[in-house]
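This report covers salt bridges and a few loop residues in one protein model. The chain is shown first.

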Amino acid sequence: MPLPVYSWTAVGQSVDSSLYLPVGQRLDPCNTSGSGTDLPSDPNDLVETHGPLPTSASLFLGYAFLLTTSSERDRETNQLVSEEDECVQTAPYNKQYTENQLEAGGGFVLQEFNEGQCKAAYQSLLIADQHCRTRKYLLCLASGIPCVSHMWVRDCCHDNQLLNYRNYLLPAGVGLEDRIMEWHPRRSPFEALKVLLVFEEPSEFWANLLRLGGATSVCHHRADSNSPDSLDLVVTNRSCPLSVLKRAASLDLPVLSPEWVIQSLISGQRQGYSSHDQFRHDYSP
């Protein structure tokens with residue numbers, strides 16, 4: 001059975017600004033999660049659009065879930081990319097109600113990504129309204145956790161049985177040539193790499209993505225200390241100090257933007273360091 005191709009729409013989504021990536025770390029490609037659409041006032045409409053609460057308290061037993069919601073920017077980008085595709089429209093999405101459904105069915109909902117807890121579960125899934133660039137989505141992509149449409153939850157609750165989530169897989173994301181890239185099992189595009197991160201703000205998010213993607217070591221640049229000589233590349237942005245750029249040039253190290261990290265994860269393979277302008281640390285649209 002071929003996997004469905006989705007065109008996604010959502011309205012009325014609120015934004016938690018605390019989940020944005022730090023300033024200067026490409027806010028556009030990594031936006032935040034929201035709460036989803038407002039719930040209808042009529043209970044019958046609620047069951048029709050979101051599905052009922054499951055009658056079985058063990059429907060999702062053994063499963064661990066992360067939930068996220070696409071940003072407005074994600075939805076606009078996805079709509080433009082998928083305009084020529086044959087699409088199946090999605091149902092309205094309310095993240096909190098979907099969380100209630102999963103918990104009522106015995107599922108364990110993680111508020112934040114935790115690799116250990118995800119591995120301990122029988123099966124871990126990320127639930128979203130569409131493919132996006134939220135922190136959770138990218139972390140799950142890096143760790144190989146399937147990203148699944150919320151319509152899976154709705155249909156499971158309607159049928160009161162566990163359906164095959166693989167028929168509801170979301171894409172990995174949008175590639176640089178504006179092509180939808182299919183979701184893939186865990187890969188290691190950064191295998192054996194030693195990476196230096198240089199950001200003004202804390203960059204643990206990027207460090208986690210690189211480690212999950214197979215990097216051997218990831219270290220953070222500190223102004224009061226020398227960077228290690230044994231490195232393969234530097235990931236930074238336009239705020240990178242001139243001293244670091246000179247040091248990287250002397251060691252013939254590639255200096256790359258976070259977009260290189262994201263695109264390597266979306267494609268499932270290491271992208272060429274100079275294969276696209278957006279991989280330059282000083283790239284400006």
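Helices, as named here, are DSSP runs of at least four residues, numbered from the N terminus. The model is predicted. In helix H4 (residues 115–120), Lys119 and Glu115 are 4 residues apart, which means that they are separated by about one helical turn.

**Salt bridges**

Side chains of opposite charge can pair when their charged atoms come close. A salt bridge is counted where a side-chain nitrogen of Lys or Arg lies within 4 Å of a carboxyl oxygen of Asp or Glu. The count comes to 7 salt bridges. The table gives three of them, including the pair in helix H4.

| Pair | Closest N to O | Relative accessible area |
|---|---|---|
| Lys119 and Glu115 | 3.4 Å | Lys119 60%, Glu115 29% |
| Arg133 and Glu259 | 3.0 Å | Arg133 15%, Glu259 1% |

Lys119 counts as exposed, while Glu115 is partly exposed. The two residues also belong to a network of salt bridges that links Glu115, Lys119 and Arg186.

Arg133 and Glu259 form a salt bridge with the closest N and O atoms 3.0 Å apart. Buried means under 20% relative accessible area. Arg133, at 15%, therefore counts as buried, and so does Glu259, at 1%.

**Two loop residues**

Which backbone oxygen does the side chain of His150 reach? It is that of Pro92, at 3.5 Å. His150 lies in the loop between strand E6 (147–149) and helix H6 (151–159). Its relative accessible area is 4%, so His150 is buried.

Pro202 occupies the loop between strand E9 (194–198) and helix H7 (204–212). Is Pro202 buried or exposed? Its relative accessible area is 63%, which is over the 50% cut-off, so Pro202 is exposed. The C-alpha atom of Pro202 is separated by 8.8 Å from that of His220, a residue 18 positions away along the chain.

Key: Residues numbered from 1 in each chain as written. Predicted model: local features only at pLDDT ≥ 70, side-chain atom pairs only at ≥ 80, totals over all residues. Heavy atoms only, no water. Buried < 20%, exposed > 50% of the residue type's maximum accessible area, 1.4 Å probe, protein only. Polar contact = N/O pair within 3.5 Å; in protein donor to acceptor, adjacent residues only side chain to side chain.
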